[in-house]
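Please look over the sequence and the structure first.

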Amino acid sequence: MGELISRAGMTKSYYQSRAGFSLPYNTNDIESLAAVLGVAPEELASPESAPRVEMRVPAGAVSERVRRLISSQAATETELLGHLDEADPSVAAGARGLLDATTNTVVVDEEVLRQITQWADVPVEYLTDHTDEALTDRTEAELELREAMRAAGAESIQFRALGQMSPDALRAIAHSLRGRPPTP
């Protein structure tokens, strides 16, 4: 991913803001990415017509992160798989294979990881880029805050509204929320 982003003339933060749907891609972005990937811009603009990308991921680490996302949503594996099955049964089957994997690595369709992260409202790189410690730390802090807010009685929060608060600041808020008695 880093090489793709660099060759397309983008910074990592610029790409992540677009890949996470917090900002839209523009036509220059799509043309640059398509040129680097060697595909037509239309394939990027219409993902349903593009071939799916499979990637080999560490099964234990990724399935652990998926379970962390499920927990952060106060959901179950069955609920996640049901949601995915409604959208695309092949994506649900891929997620089931990932969660049930007994090998060190597993080949998974990138769309599976994208739809899981979209369901959990976290950046796709949380599941696809295990080397980005800053993104992992930020995402984990957001998940902690989400859980603390739910325990305190909040229904939902738009994490993009928090801006660029540090993971430590997010954890401090979560800690202070946990110190209060839950609302009835």
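Helices, of at least four residues, and strands, of at least two, are DSSP runs numbered from the N terminus. By that numbering, alanine 74 sits in the loop between helix H5 (59–72) and H6. The model is predicted.

## Overall layout

The protein chain holds eleven helices and two strands. Along the sequence, the pattern reads α-α-α-α-β-α-α-α-β-α-α-α-α. The chain has 184 residues, and buried residues make up 37% of them.

How many bridges join E1 to strand E2? There are five, and the two strands run antiparallel. E2 spans residues 105–109. Opposite glutamate 54 stands aspartate 109, in E2.

Valine 108 also belongs to strand E2. Its relative accessibility is 4%, so valine 108 counts as buried. Which residues does valine 108 touch, not counting those up to four places away in sequence? They are Val53, Glu54, Met55, Val57, Gly94 and Leu113. Valine 108 and valine 57 are 51 residues apart in sequence. In space, their C-alpha atoms are 7.3 Å apart.

## Helix H3

Helix H3 runs over residues 27–37, and aspartate 29 has its place there. Is aspartate 29 buried or exposed? It counts as buried because its relative accessibility is 6%, and the cut-off for buried is under 20%. Leaving aside neighbours within four places in sequence, aspartate 29 is in contact with Met10, Tyr14, Arg18 and Pro24.

Leucine 37 lies in helix H3 as well. At 47% relative accessibility, leucine 37 counts as partly exposed. Leucine 37 and leucine 4 are 33 residues apart in sequence. From C-alpha to C-alpha, the pair is 7.8 Å apart in space.

## Helices H6 and H7

Two packed helices are described by the angle between their axes and the distance between the axes. Helix H6 (residues 77–87) and helix H7 (residues 89–100) pack at an angle of about 150°. Their axes are 6 Å apart. H6 is therefore roughly antiparallel to H7, since angles over 145 degrees count that way.

Which residues of H6 and H7 meet? H6 brings Glu77, Leu81, Leu84, Asp85 and Ala87. H7 brings Pro89, Val91, Ala92, Ala95, Arg96 and Leu99. By class, the contact of H6 with H7 has eight nonpolar, no polar and three charged residues.

## Helices H10 and H11

Helix H10 covers residues 133–151, and helix H11 covers residues 167–178. Their axes come within 8 Å and cross at roughly 20°. H10 and H11 are therefore roughly parallel to each other, since angles under 35 degrees count as such. The crossing of H10 past H11 is left-handed.

On the H10 side, the residues in contact are Asp137, Arg138, Glu140, Ala141, Glu142, Glu144, Leu145, Ala148 and Met149. On the H11 side, they are Pro167, Leu170, Arg171, Ile173, Ala174, Leu177 and Arg178. The residues of this contact divide into nine nonpolar, no polar and seven charged.

## Two loop residues with positive phi

Most residues other than glycine have a negative phi. Alanine 74 is not a glycine, yet its phi is positive, about 55°. As said above, alanine 74 is in the loop between H5 and H6. Its relative accessibility is 52%, so alanine 74 counts as exposed.

Aspartate 121 is not a glycine either, and it has a positive phi of about 60°. Where does aspartate 121 lie? Its place is the loop between helix H8 (110–120) and helix H9 (125–128). With a relative accessible area of 29%, aspartate 121 is partly exposed.

Notes: Residues are numbered from 1 along each chain as its sequence is written. This is a predicted model: local features need pLDDT of at least 70, side-chain atom pairs count only at pLDDT 80 or more; totals for chains, interfaces and linings use all residues. Side-chain values use heavy atoms; hydrogens and water are left out. Axes are lines fitted to C-alpha atoms, for helices over the stretch in contact, and angles run from 0 to 180 degrees between N-to-C directions. Angles under 35 degrees count as roughly parallel, over 145 as roughly antiparallel, 65 to 115 as roughly perpendicular and the rest as oblique. A crossing is left-handed if the near helix is turned anticlockwise from the far one by less than a right angle, and right-handed if clockwise. Contact means heavy atoms within 4.5 Å. Ala, Val, Leu, Ile, Met, Phe, Trp, Tyr, Cys and Pro count as nonpolar, Asp, Glu, Lys and Arg as charged, and the others, Gly among them, as polar. Buried means under 20% relative accessible area, exposed over 50%, partly exposed in between (1.4 Å probe, protein chains only). Two strands pair if DSSP finds at least two bridges between them.
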